Amino acid sequence: MNSRETISFELSQPALQARRNAKWNQYDADVLPAFVADMDFAVAAPIQAAIERIVRDGDYGYPLRDGQKPDRLVASAFANRMQSRYGWELSPDLVLPLADLVQGTYAPILAFSDPGDGVVLQVPNYPPFRDAISTTERRLLTLPMRDDGTRYVFDMDELKALVDQRTRIFVLCNPQNPTGRVFSRDELLALATFAIDHDLIVISDEIHSDLVYPGYQHIPFASLGPEIAARTVTLNSATKSFNIPGLRCAVIAFGSEDLRKRFHSRIPLRLTGQANVIGADATVAAWTEGQPWLDAVMDHLHKARNRVVDVLAAEVPEIRFHAPEATYLTWLDCRELRLSSAAHQFFLNNARIGFSAGETFDPGSPQFVRLNFATSMPILDEILDRIIVAARRNDR
Ligand SMILES: Cc1ncc(COP(=O)(O)O)c(C=O)c1O
């Protein structure tokens with residue numbers, strides 16, 4: 001097995017610019033991209049080998065691997081990983097592979113609610129959640145994540161005041177994008193009790209669960225107990241932590257057989273499609289053989305996160321933020337810079353950095369941006385330098 005030191009994954013700027021991905025092509029060549037949740041890293045060798053094997057043999061027929069369909073292998077790899085990493089026992093029979101997690105958010109919303117029903121969402125949030133609620137004509141009920149001075153938290157009394165007789169679903173994102181919170185057992189238990197008392201289904205997006213920093217621990221919501229599992233649909237994939245979002249393979253895990261049946265009474269199995277062979281084999285390789293790579297990447301991300309914290313706190317204290325507890329994303333509050341335009345626009349024009357715009361995570365947050373720091377140290381340092389220079393120039 002490789003040791004952490006021998007696993008290299010950082011890519012040079014010319015190599016990144018030669019890629020045909022959204023991150024490095026959306027903006028002009030002089031803009032450093034720090035937006036979409038893609039890492040500037042080469043993938044793990046076992047993933048590359050799994051893909052090369054299919055491509056080398058031109059093996060694109062309907063697949064069967066050792067007597068099993070790839071979907072089943074993905075489901076088993078997920079169940080095994082949840083058991084070994086988090087002690088969460090779940091049957092692969094309750095795991096449904098599909099192409100992507102946005103699809104995985106829409107489907108349970110359609111299955112477990114009707115137009116006009118309320119769906120609770122924490123704000124700021126990953127933008128497609130909001131679309132999944134509004135385009136299906138459900139009522140969006142927003143629960144603010146509030147900065148308590150040390151981290152972003154939600155308030156159970158605010159949640160109580162928000163729900164009504166027609167509230168059916170809570171969309172949870174844990175670890176939370178964009179605040180980087182890893183919710184504690186107490187926070188999750190309070191939410192679980194509330195969901196049981198108010199007969200809510202919880203859609204728990206845990207796509208960032210492998211990207212947790214030392215000192216924090218991911219707790220799958222459905223692992224809290226059978227009663228809460230029975231109303232929880234967990235969403236996950238290898239795409240964020242193993243940097244393979246283009247390969248389109250994800251899973252929905254139902255917390256009980258009844259829940260799975262209820263889902264399929266409205267959403268036929270055929271409608272959610274299947275992962276393609278490359279995505280499925282890559283996901284199995286990631287979850288079963290990719291951990292040494294991920295450990296090495298997490299060491300790097302931990303250093304990168306600390307660099308962001310140290311440099312910004314020292315050089316631009318007006319930008320307020322909390323070190324993310326997970327994810328390679330940071331939610332930067334730029335209100336004290338008193339910018340004359342939205343923060344995203346300001347940094348694009350004046351620093352040539354492409355952040356994610358705060359208003360896409362919360363319409364009320366144009367003075368926030370989300371920084372993606374999953375890049376090599378030289379590029380991260382250049383991003384930080386550009387932030388400092390632009391912020392100081394603005395101050396004059
Ligand atoms: C919380 C969350 N859910 C889902 C996704 C996207 O998943 P997919 O590409 O599988 O639709 C992302 C991507 O950044 C995300 O941050």
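The chain splits into domain 1 (4–45 + 291–395) and domain 2 (62–289), with bounds that come from an automatic or database domain assignment. This is a predicted model, in which local features need pLDDT of at least 70 and side-chain atom pairs count only at pLDDT 80 or more, while totals for chains, interfaces and linings use all residues. Residues are numbered from 1 along each chain as its sequence is written, and side-chain values use heavy atoms, with hydrogens and water left out.

Taken over C-alpha atoms, the centres of domain 1 and domain 2 sit 26 Å apart. Contact (heavy atoms within 4.5 Å) brings in 29 residues from domain 1 and 36 residues from domain 2. About 2800 Å² is buried between the two domains, and carbon and sulfur atoms give 58% of that; buried area here is the accessible area (1.4 Å probe) that two parts lose on being put together, summed over both. On the domain 1 side, His-322, Glu-325 and Phe-361 supply 27% of the area buried against domain 2, more than any other three residues.

Glu-325 also turns up in a salt bridge, with Arg-181 as its partner and 2.9 Å between the closest N and O atoms. The count of such bridges between domain 1 and domain 2 is 1, a salt bridge being a side-chain nitrogen of Lys or Arg within 4 Å of a carboxyl oxygen of Asp or Glu.

Then there is the ligand. Residues around the ligand (a heavy atom within 4 Å) include Ala-37, Asp-100, Tyr-126, Cys-173, Lys-240 and Arg-248. Oxygen atoms of the ligand pair up with the protein as follows. A polar backbone atom of Leu-101 is 2.9 Å from a ligand oxygen, and a backbone N or O atom of Val-102 is 3.2 Å from one. For His-208, a polar side-chain atom lies 2.9 Å from a ligand oxygen. Taken alone the ligand exposes 400 Å², and the protein buries 94% of that (Shrake-Rupley method, 1.4 Å probe).

Technical notes. Polar contact = N/O pair within 3.5 Å; in protein donor to acceptor, adjacent residues only side chain to side chain.
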